[in-house]
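I opened my notebook to look up a few things in this structure. Here is what I jotted down, entry by entry.

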Amino acid sequence: MKKDFLTIVTAFVLTMSATALVQAQCTFTTVKKTMTLNGDCITDTTIVVPNGITLNGAGHTITAMDPLGDYFKGGVIRNGGAAANVADVTITTSGLIDPCDQGPNRLRGILFDGASGSITNTHVININHVGAGICGDEGNAIEVRNFGSSLTTCMARIEGNTARGYQKGGIIANGNVDATIIDNVVDGLEQSPFIARNGIQLGFGATGMIKRNLVSNNEYTGPENASAAGILLVACPGFFSSYNVGAQIDQNTISENDVGVWVVEIDALGNPPTIMTNVKVVNNTISKAGFTNPYQAAISDTGNNDKIIANRISGAGYDPNFAGRFSVDADPSLTNRAKVHANK
């Protein structure tokens, strides 16, 4: 009788385990051009969104885990063609080891490579390795990039997302990309002794609009000569890319970052550009309470004819009465004809 009872219990446990495994696998129902996630799930490989398809998470969560005997590689979700959309999904990780990968194997939450489309209403949380990692190029929550994958400029709309607890970057647009990044919450969560994180980045030829975002807690406390940025624009021959011309950084609320908004456009010799970059940093609210890094600035600018106007700056962390602290750092020896007006 006891043996029969144990047999029944064992069969029940095995059945429950098999059921849990089925439930854990990521499955989708595809109707026309939308693939809808059927439930919370785990994945140990990248989920690819076919060309022209929208992945609708339907409010569910995808958790990335290392496969048995290996490690997770690449984006948790990525495009499979020239166009894709991702909406209404939570993406996170659990216990990923830290291999310090390069190239396509770098960890990302959502990756569009050479693709246009939209990323909306997602929550991309904890895209990092165990112990936060020391790898400087991995762990971007949302990344849109185009370094020749598409011959035309990729157009991306990144709206209404939450990126929190990322290893390196919150929302990143790099290369031949025109990105509209609006109404997102980007939070590094805590100071990092390993990596100078960046909240939102337009880099290496990318341009666009960064508007009405909440960006916080990108602070570097390690030994290297580096600062973290809430919003970083870096695009110039000094970094082997074209200049960024006409980007707009407007109406963002930026708090507790080493540098609130950092515009870096220099020529191959490290000098300010001779062409007009015309970047607008306007109507932002930027604050930092304390001293955590040798270089802190609400706004730091290297460009030509950039407009830094009507920003509200507060906190002892940006008090220019202290060495290494600036409200607006637009040194004429490092930037050409910056228009700095009506900042408070």
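Predicted model: local features only at pLDDT ≥ 70, side-chain atom pairs only at ≥ 80, totals over all residues.

Entry: I looked up Cys154, and with a relative accessibility of 2% Cys154 counts as buried.

**Entry: disulfides.** How many disulfides does a search of the whole structure find? I ran through the whole structure and got one. The partners are Cys26 and Cys41, and their sulfur atoms sit 2.0 Å apart. That is inside the 2.5 Å cut-off, so the pair counts as a disulfide. Cys26 is in the loop between helix 1 (2-24) and strand 1 (28-31), while Cys41 belongs to strand 3 (residues 41-43), so the link ties together parts that are 15 residues apart in sequence.

**Entry: buried or exposed?** I compared the two ends of that link. Cys41 has a relative accessible area of 5% and is buried. Cys26 comes out at 21%, which makes Cys26 partly exposed.

**Entry: Arg106.** Where does Arg106 lie? I found Arg106 in the loop between strand 9 (90-93) and strand 10 (108-113). At 18% relative accessibility Arg106 is buried, because the cut-off is under 20%. Which residues does Arg106 touch, leaving out those up to four places away in sequence? My list reads Gly74, Gly75, Asp101, Asp137 and Glu138. I also looked up Asn140, 34 residues from Arg106 along the chain: the C-alpha atoms of the two are separated by 8.7 Å.

Key. Residues numbered from 1 in each chain as written. Heavy atoms only, no water. Helix = DSSP H or I, 4+ residues; strand = E, 2+ residues; numbered from the N terminus. Buried < 20%, exposed > 50% of the residue type's maximum accessible area, 1.4 Å probe, protein only. Contact = heavy atoms within 4.5 Å.
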